[in-house]
Amino acid sequence: MTSEGPKRLLVLGKITDILDAFTLQRPVLGLGEIQQATGIPTSTVQRLVSNMVAEGLLDRVGDRVRIGIRMAYWAGAAARGVDLLELAGPLLRELRDTTGETASLFRAEGRHRVCVAVAETRHALRREMHVGKVIPLHTGSAGRVLLAWAPELAAEVLAGPLPSLTEYTVTDPETLRELLDDTRRDGFAITVAERDDGGSGLSVPVFDHAGEVTAALTVSGPTIRFGRSECEKCVDLLVGAAERLTRTLGGRPPG
């Protein structure tokens with residue numbers, strides 16, 4: 001022990017670096033990719049990965065590896081009793097302060113989505129958002145994320161009426177189905193003026209321990225200030241934040 005706390009064991013630090021190399025966007029990695037992400041010498045990566053596979057920390061997928069299923073048991077125990085909303089508050093405020101725009105968290109409730117947490121922009125010009133706001137699931141970036149990784153819910157929504165809220169609301173089921181496919185492929189959704197005129201939003205998924213989408217993390221604002229190009233600049237930031245929240249919850253990407 002030192003005055004700053006326990007001394008970091010070198011091997012544990014390297015194992016942590018290897019585990020941190022996996023992300024929701026890159027859940028399966030080769031040895032070369034792990035070496036590039038961590039900077040650990042190739043021979044050391046090979047030795048540690050072999051031992052981590054033997055202990056169940058990693059699982060082999062052909063000649064590559066992913067986070068081991070054994071980790072899910074530990075994650076489940078760690079996540080028990082963890083409050084999503086309690087964890088989301090500081091993250092939303094961080095996103096609000098970094099982007100300057102409103103950061104929100106949405107969950108699906110039937111054929112609608114509900115805002116369960118929000119950190120409002122400090123700009124006077126803003127999109128109205130508050131905890132408890134109910135919005136149809138087929139509109140906006142958050143709805144698209146919540147449907148893209150929930151096929152049964154998506155089928156239910158697509159089979160029903162898709163009322164128009166603005167001239168840009170997607171009301172054709174086949175078009176929306178294609179957009180949901182795009183969202184799953186891209187890992188995020190950006191929409192402009194679908195829910196209300198003059199508003200844009202960027203959303204990414206948050207997953208639970210079963211690999212199912214549990215919430216949509218969103219940054220939104222007036223299109224005049226936060227248009228599509230501004231949304232695109234924030235993709236990496238928001239994806240990283242969602243991954244942090246997913247990991248804290250003991251979650252994992254699907255499949």
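Tutor: The questions below concern the fold of this predicted model.

Student: What does the secondary structure of the chain come to?

Tutor: The chain has ten helices and nine strands.

Student: How many of the residues count as buried, as a percentage?

Tutor: Of the 255 residues, 46% are buried. The accessible surface comes to about 13000 Å², and carbon and sulfur atoms account for 53% of that surface.

Student: Changing topic, how far apart are the mean positions of the charges?

Tutor: The mean positions of the 30 positive and 33 negative charges lie 5 Å apart.

Student: Now to helix α7. Which of its residues are buried?

Tutor: Helix α7 covers residues 151-159, and Leu153, Ala154, Val157 and Leu158 are buried there.

Student: Why do they line one face of the helix?

Tutor: Viewed down the axis of α7, the buried residues fall within an arc of 130 degrees, so they line one face. In general, an α-helix has 3.6 residues a turn, so residues three or four places apart point the same way.

Student: Which residues are exposed on the other side?

Tutor: Glu152 and Ala159 are exposed on the other side of α7.

Student: What do the buried residues pack against?

Tutor: The buried residues of α7 pack against strand β4 (102-109) and against helices α6 (140-148) and α8 (173-186).

Key. Residues are numbered from 1 along each chain as its sequence is written. This is a predicted model: local features need pLDDT of at least 70, side-chain atom pairs count only at pLDDT 80 or more; totals for chains, interfaces and linings use all residues. Side-chain values use heavy atoms; hydrogens and water are left out. Helices (H or I, at least four residues) and strands (E, at least two) are DSSP runs, numbered from the N terminus. Buried means under 20% relative accessible area, exposed over 50%, partly exposed in between (1.4 Å probe, protein chains only). Accessible areas come from the Shrake-Rupley method with a 1.4 Å probe; for residues, only the protein chains shown count as cover. Lys and Arg count as positive and Asp and Glu as negative; His and the chain ends are not counted. The place of a charge is taken as NZ of Lys, CZ of Arg, CG of Asp or CD of Glu. The arc is that of the directions from the helix axis to the C-beta atoms. Contact means heavy atoms within 4.5 Å.
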